[in-house]
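Here is a brief report on one protein chain.

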Amino acid sequence: MANEKTVIDEWSVRDLEDNSSLNITVMSCTELGNQSLPGLQVYYMGHIINYEPLAAERWAYQASKAGVTDYLLEDLSWMVHADQFVKVYFVVGAPLKARVDVKTRSSKVMSKSYELPFEV
């Protein structure tokens, strides 16, 4: 069976300082990761984050170890500046969620969450 990708959401946050935009695309995949199970992909600025069961299991463990439910994926986020960023989170709970927070210099933080198609 071939992996089928479906766009779930596409959104953009514009920066009025220089008229640039931070664009986010979220896709549902039928086969993702080493186990070829359904998952989500988040695309932004040339980065692709795979929310698949094996990675989610590790993130859930790290979140419990840190004592948080919204686990910031620091290595996969873009946080070079304090006033503009793209932060991606793994949210522990029922159901599991992927969350993306985006801020530009001229905007407030825009946040969207997406339910993951699996449990850990």
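## A lysine and its strand

Lys87 sits in strand β6. The model is predicted: local features need pLDDT of at least 70, side-chain atom pairs count only at pLDDT 80 or more, and totals for chains, interfaces and linings use all residues. Residues are numbered from 1 along each chain as its sequence is written, and side-chain values use heavy atoms, with hydrogens and water left out.

Strands (E, at least two residues) and helices (H or I, at least four) are DSSP runs, numbered from the N terminus. Lys87 has a relative accessibility of 21%, so it counts as partly exposed. That class lies between buried, under 20% relative accessible area, and exposed, over 50% (1.4 Å probe, protein chains only).

Which residues does Lys87 touch, leaving aside its neighbours within four places in sequence? They are Leu72, Ser77, Met79, Arg99, Val100 and Asp101. Contact here means heavy atoms within 4.5 Å. Ser111 lies 24 residues from Lys87 in sequence, and their C-alpha atoms are 9.3 Å apart.

Strand β6 spans residues 85–91, and six of its seven residues are buried, so the strand is largely enclosed by the rest of the structure. Its pairings are listed below. Two strands pair if DSSP finds at least two bridges between them.

| Pair | Sense | Bridges |
|---|---|---|
| β5 (residues 70–72) and β6 | antiparallel | three bridges |
| β6 and β7 (residues 97–103) | antiparallel | seven bridges |

Val91 takes part on both sides. It is the bridge partner of Asp70, and it stands opposite Lys97 in β7. Five residues separate β6 and β7 in their hairpin. In that turn, Gly93 has a positive phi of about 155°.

## The whole chain

The protein chain has one helix and eight strands. Their order from the N terminus is β-β-β-β-α-β-β-β-β. The radius of gyration is 15 Å, close to the 14 Å of the globule rule for 120 residues, so the chain is as compact as a globular protein of that length. This radius is taken over C-alpha atoms, and the rule is 2.2 Å times the number of residues to the power 0.38. Along the principal axes, the C-alpha atoms fill a box of roughly 45 × 35 × 20 Å.

Of the 120 residues, 40% count as buried. Among contacts with a separation of 6 or more, 36% join residues 24 or more positions apart.
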